[in-house]
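Hi,

Here is the structure I said I'd pass along.

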Amino acid sequence: MLGHIWRLLILGAVACLASAALAEGGRPDCTTARADYRRLAAEAYIWGYPLIRSAQLRQNMTLPEDPLRPRPATTAGAPINRLGHARALATPETRQGVAPNNDTLYSLAWIDTTAGPFVFEAPDFGARYYTFQMGQADTSTDLALGQSTHGSRLPPVFIQGPGQKHPVPPGMIGVRATQRYFMLAGRTLVRDAEDFAEVWQLQDRMRLRTWDDFRDGRDREAPIVPQGPIERREPPTDDPAAFLGMLGAVLEDWRPVGSDRRIVRSLAPLGLAPGRTFDPRCLPADALPEIAQGLAEARSAIEQRTRDLGTNVNGWTVNYRGAAFGSDLLLRAAVAMDQIYVLPAHEAIYMIAKRDSQGRTLDGNSSYVLRFRAEELPPAGAFWSATVYYAKGFLVANPVGRYSIGDRTPGLVRGADGSIEIRLQHDAPADGEANWLPVPSEHFTVMLRLYRPAEDARNRRWLPPAIEEMPADWRK
């Protein structure tokens, strides 16, 4: 298959290079500059991977080809510019993103700011934990508004896009999208099984309107605007034209800012430029092997970074920077691969374990225990939870329907000394299921979430304990 694609690209490249014989209107806009294609391809993959995954997530949630299609209860999908709500916690069937939490109900809107500005309104949450993430199209988030910032009631949020210069109305919070598309993601805590109806009522009182409708007192849904298509699969490394086509689709709506300007300018030899459709005929035939090698090397570097997010301790890797990636593009790509759209670190810290205390990969054919001493429980101002995922970031189906354990888990048993032991194994423990967090019969990942992490967690004075493998007969 790859050979066939390359033959097509070679023919296209020859056509491009020989295009002097074509009519002026029939030739693509190719650069003739030579470049280090291997390096450029690697840079394009690392820089562009999060942009592509964000665009794919947007389209998975908004379904531009059929925006009014009914969604499952576990997804917060809705048409573009409209607010959707998950009415049930995530399950193994939740496949719209990676590593969803199993603690909160999501409320989500993908906004095309060209149809705005927009105003978002939320109800009074009382003592309930909630937060609304302001997610940019490159998967970064520098702002989360909610209980941590405004107590029980969030003022209206005024959202406008790049180039829009509307003054923020009095009493509102101004938020600026850096690109055309913007994600508003709410998380509302569900305390227990009896709590859903109250959360649904809160969701029903959330509103998203255009500024014109809000100002004029109209209560109607925003228009559904068309979106450019993007291929929905993992960005490939063995098909240069496919990857560059995906990135080119994103760049058609992209406004380079800051350090992006240099990167985007450098991609011209690959046939990429803002506002221009990618044409595979612009790829020089002799550069294709170099481009494929650069893409593969970049993919490998991202995967390696997912195992080293910043601080490695006791088998856990922890990104204490959250969604403030700055110039660390490899961190941004790694987070997009395993945990896309994390909250800022002051709002949540995500600790990921793929290995046990001995450095061995976590495997469901073994049994493990995660033990928190009474005086060393996860320090979280809102709540904490531990969740198990397959390697691809999906929840694990199991006979008891339990996907996470945390400080709100009913019937959680503590030791006589106040400690908590979480059993991580495929089969149910013989001595009871209260502290059992089921795992698949293959490699898996544990994510420990601390919402509103205490200072001890943020400054690394508190660190998660190692996951210990237990003897083979321990599970019996």
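This is a predicted model: local features need pLDDT of at least 70, side-chain atom pairs count only at pLDDT 80 or more; totals for chains, interfaces and linings use all residues.

Let me start with a pair of strands: β6 (residues 157-160) and β7 run parallel and are joined by 4 bridges. F158 has G174 in β7 as its bridge partner. β7 (residues 173-176) is two-faced: I173 and V175 are on the covered side, G174 and R176 on the uncovered one.

Residues are numbered from 1 along each chain as its sequence is written, and side-chain values use heavy atoms, with hydrogens and water left out.

Now the open sheet. Its 5 strands come in the order β1-β2-β8-β4-β5, with antiparallel pairing. β1 (84-85) and β5 (141-146) are the edge strands, each with a single partner, so one side of each has no neighbour in the sheet. β1 is joined to β2 (residues 104-112) by 2 bridges, antiparallel, and G84 has L108 in β2 as its bridge partner. Helix α2 packs on this sheet, touching β2, β4 (130-136) and β8 (181-189), and its direction makes about 105° with that of β2. Helix α4 (residues 196-204) lies across β1, β2 and β8, at about 20° to β2. Contact means heavy atoms within 4.5 Å; axes are lines fitted to C-alpha atoms, for helices over the stretch in contact, with angles from 0 to 180 degrees between N-to-C directions.

Next, the largest pocket, which holds about 970 Å³ of space. M337, D338, A391, K392 and G393 are the closest to its centre, out of 39 lining residues. A pocket is an open set of points on a 1 Å grid over the protein atoms alone, where a 1.4 Å probe fits, with protein on both sides within 12 Å along at least five of seven lines; lining residues have an atom within 4 Å of a point. The volume is the space filled by probe spheres set on the points, which are joined across faces, edges and corners. α2 gives the most to this lining, with 5 residues. The lining divides into 15 nonpolar, 12 polar and 12 charged residues.

F372 is in strand β13 (residues 367-372) and is buried, at 0% relative accessible area (buried is under 20%, exposed over 50%, partly exposed in between, with a 1.4 Å probe and protein chains only). Leaving out residues up to four places away in sequence, F372 has contacts that include W384, L448 and W462.

The peptide bond from G116 to P117 is cis, with omega near 10°, and P117 is in the loop between β2 and β3 (118-121). L63, in the loop between α2 and β1, has a positive phi near 50° and is buried at 8%. N314 has a positive phi too, near 55°, but is partly exposed at 38%.

Cheers

Methods. Two strands pair if DSSP finds at least two bridges between them. Ala, Val, Leu, Ile, Met, Phe, Trp, Tyr, Cys and Pro count as nonpolar, Asp, Glu, Lys and Arg as charged, and the others, Gly among them, as polar.
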